[in-house]
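This briefing walks through the side-chain pairs, nonpolar cores and backbone angles of one model. Please keep the sequence and the structure in view while reading.

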Amino acid sequence: MSLEKIYGVHAVEALLRHHPKRVKQVWLAEGRSEPRVQALVELATQNKVAIGQAERREMDVWVEGVHQGVVADVSPSQVWGEAMLDELLDRTEGAPLLLVLDGVTDPHNLGACLRSADAAGALAVIVPKDKSATLTPVVRKVACGAAEVIPLVAVTNLARTLEKLQQRGLWVVGTAGEAEVSIYDQDLTGPTILIMGAEGKGMRRLTREHCDYLVKLPMAGSVSSLNVSVATGVCLFEAQRQRGVKAKTKK
């Protein structure tokens, strides 16, 4: 089995904490000894993961990106299959929040969306198998560890998946610039699937047809839209805010 190289302090630390058996070796740049690197070394040692040293210029060749002097050899990335969604929902208490990225192809945007989804308490991130970004070292680096804890689910037919989730009682909320309802006026406290469209193109027609509601982010400035990862963060945290208010009201 070929190994992947994951890089960056946060990404490697998250793997060691959540999936240590996947980490085969940790490489540190010569001279790195600050506290957060020492903490990473201790974590690797606890999990009996080999630690080696390498020159920075050698590590620069291994990966494309800012590796921060930390690289790990790990077993290949795991993307969840569609069947795992039912298992996730079966063991989830309360109203689940799922994020769907309909054709987001930029790995930096996917990594940022995974990070926001984890921070906002989303259950999983769903993407189509085709024409979408998937887990890569770049995605893991940008996600700052979130890629190791929040499931990324790749589905063959997104429209069919949405239908199945609707049958389980989830409401599908899609984002569209031409929608009349603001995200701030939409109830997001129930079982919700939030759909963000692809960079520039938005949601595909068939995806839009499966939405129960369409919402927009009100824009006050001169720009007409936000980067998809920024817009995703705003929408997810509005859902988190509403759920927090509802929880306080019940007490």
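Glu-178 and Arg-208 join their side chains in a salt bridge, with 2.4 Å from N to O, where a salt bridge is a side-chain nitrogen of Lys or Arg within 4 Å of a carboxyl oxygen of Asp or Glu. The model is a predicted one, in which local features need pLDDT of at least 70 and side-chain atom pairs count only at pLDDT 80 or more, while totals for chains, interfaces and linings use all residues. Residues are numbered from 1 along each chain as its sequence is written, and side-chain values use heavy atoms, with hydrogens and water left out.

**Salt bridges**

- By the rule given above, the count comes to 12 salt bridges.
- Glu-178 is exposed, with a relative accessible area of 53%, whereas Arg-208 counts as partly exposed at 29%; buried means under 20% relative accessible area, exposed over 50%, and partly exposed in between, with a 1.4 Å probe and protein chains only.
- Within helix α8, Glu-209 and Arg-205 meet in a salt bridge of 2.7 Å, N to O, and, being 4 residues apart, they are separated by about one helical turn; Glu-209 and Arg-205 are both exposed.
- A salt bridge of 3.1 Å, N to O, joins the side chains of Asp-86 and Arg-168. Since Asp-86 lies in helix α4 (residues 83–90) and Arg-168 in the loop between α7 (158–167) and β8, this pair ties together parts that are 82 residues apart in sequence.
- Asp-86 is partly exposed, at 40% relative accessible area, and Arg-168 is partly exposed as well, at 38%.
- A network of salt bridges links Asp-86, Asp-90 and Arg-168.

**Aromatic pairs and a charge over a ring**

- The count comes to 2 aromatic pairs, given that rings of Phe, Tyr and Trp (its six-membered ring) pair if their centres lie within 6.5 Å, with planes under 30 degrees apart counted as stacked, over 60 as edge-to-face and the rest as tilted.
- Trp-27 and Trp-62 form an edge-to-face pair, with 5.4 Å centre to centre and 65° between the planes. Trp-27 belongs to strand β2 (residues 23–29) and Trp-62 to helix α3 (residues 56–62), so the pair ties together parts that are 35 residues apart in sequence.
- Trp-62 is partly exposed, with a relative accessible area of 27%.
- In the pair of Trp-171 and Tyr-213, the ring centres are 6.0 Å apart and the planes stand at 45°, so the pair is tilted. Trp-171 lies in strand β8 (residues 171–175) and Tyr-213 in strand β11 (residues 213–216), so this pair ties together parts that are 42 residues apart in sequence.
- Trp-171 counts as partly exposed at 45% relative accessibility, and Tyr-213 counts as partly exposed at 35%.
- Lys-5 lies over the face of Trp-62, at 5.0 Å from the ring centre; a charge sits over a ring if NZ of Lys or CZ of Arg is within 6 Å of the ring centre and within 35 degrees of the ring normal.

**Nonpolar cores**

- The largest nonpolar core has 33 residues, and those with the most contacts inside it are Leu-99, Leu-101, Leu-114, Val-125 and Met-196. A nonpolar core is a set of buried Ala, Val, Leu, Ile, Met, Phe, Trp, Tyr and Cys residues joined through side-chain atoms within 4.5 Å.
- Elements that give two or more residues to this core include β5 (97–102), α5 (107–119), β6 (124–128) and β10 (192–197), while its largest share, 5 residues, comes from α9.
- Not counting residues up to four places away in sequence, Met-196 touches several residues, among them Leu-99, Leu-101, Thr-175, Val-228 and Cys-235, where contact means heavy atoms within 4.5 Å.
- A second, separate core of 20 residues includes Ala-124, Ile-126, Val-153 and Ala-176.

**Positive phi**

- Most residues other than glycine have a negative phi.
- Gln-68 has a positive phi near 60°; this residue lies in the loop between α3 and β4 (70–74) and is partly exposed, at 22% relative accessible area.
- Cys-144 likewise has a positive phi, near 55°; Cys-144 lies in the loop between α6 and β7 and is partly exposed, at 29%.
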